[in-house]
Amino acid sequence: MEPCFPIDTKGHPIILVGLMGCGKTTIGKELSRMTGMPLIDMDAIIEEQIGKSISAIFRDEGENHFRALETALLRYIEKTVGTEKGSVIISTGGGVVIKPVNRELLRRIGFTVWLNVDVDTLLERTARSDNRPLLQTPNRREILEKLHRERTPLYAEAAHLKLDSSNISVRDTIPLVHEAALEFFA
Ligand code: S3P
């Protein structure tokens, strides 16, 4: 079936940012289906291009190398902005906002939505995850609390919109992002 809910983004991406478990991938997939805009899952593309899992990249090359790959991918995406290829949904990795250059790119190239979710919800949603190197620790709560504290100002700087979605299901968040994007690009 044809996508029934297109958004004319004039060649700009809709970008989802937020901590691990906030719902970026699920929301990205559904928005992609609704709008017909292809989904770029940054983690998946990096894994495919490098031929290794994110965990293996962290282990073999280190986190800094992974962060450099994220910047390179954003710069590649930047080149498509304004063309038909630029109309994509981007699901980012949770740490994409760490580097100032990435925050600047995220704000400049598209409509960036920060899915802000509290630590309890993140803990629930990442409980069965074994593919996230930063959560391979017995004290996940401490780590998530620290990341939440440290990254809150960084997401705030990178994003055009903060969506507090701790008390809303991932499913119910989807139309809110869709509507906000329609407004942003109107
Ligand atoms: C990371 C989040 C992960 C992935 C990597 C690092 C982070 O992506 O990019 O494990 O620093 O928060 P998700 O947010 O999609 O889990």
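Phe185 counts as buried, at 8% relative accessibility. The model described here is predicted. Phe185 belongs to a cluster that ring pairs form with Phe111 and Phe184.

**Phe184 and Phe185**
- The ring centres of Phe184 and Phe185 lie 5.0 Å apart.
- Their planes stand at 85°, so the pair is edge-to-face, because an angle over 60 degrees puts a pair in that class.
- Phe184 is partly exposed, with a relative accessible area of 38%, whereas Phe185 is buried at 8%.

**Phe58 and Phe66**
- Phe58 and Phe66 form a tilted aromatic pair, with 45° between the planes.
- The distance for Phe58 and Phe66 is 5.2 Å, centre to centre.
- Phe58 has a relative accessible area of 17%, so it is buried, since the limit for that class is under 20%.
- Phe66 is also buried, with a relative accessible area of 3%.

**Nonpolar core**
- In soluble globular proteins, nonpolar side chains tend to be buried together.
- The largest nonpolar core in this structure has 53 residues.
- Within that core, the residues that touch the most other members are Ile14, Ile27, Leu106, Leu115 and Val177.
- Leaving aside residues up to four places away in sequence, Val177 touches Leu16, Ile27, Leu31, Val113, Leu115 and Leu163.
- Ile27 and Leu115 are among the contacts of Val177, and both are also named with Val177 among the residues touching the most other core members.

Key. Residues numbered from 1 in each chain as written. Predicted model: local features only at pLDDT ≥ 70, side-chain atom pairs only at ≥ 80, totals over all residues. Heavy atoms only, no water. Phe/Tyr/Trp six-rings, centres within 6.5 Å; stacked < 30°, edge-to-face > 60°. Buried < 20%, exposed > 50% of the residue type's maximum accessible area, 1.4 Å probe, protein only. Core = buried A, V, L, I, M, F, W, Y, C linked by side-chain atoms within 4.5 Å. Contact = heavy atoms within 4.5 Å.
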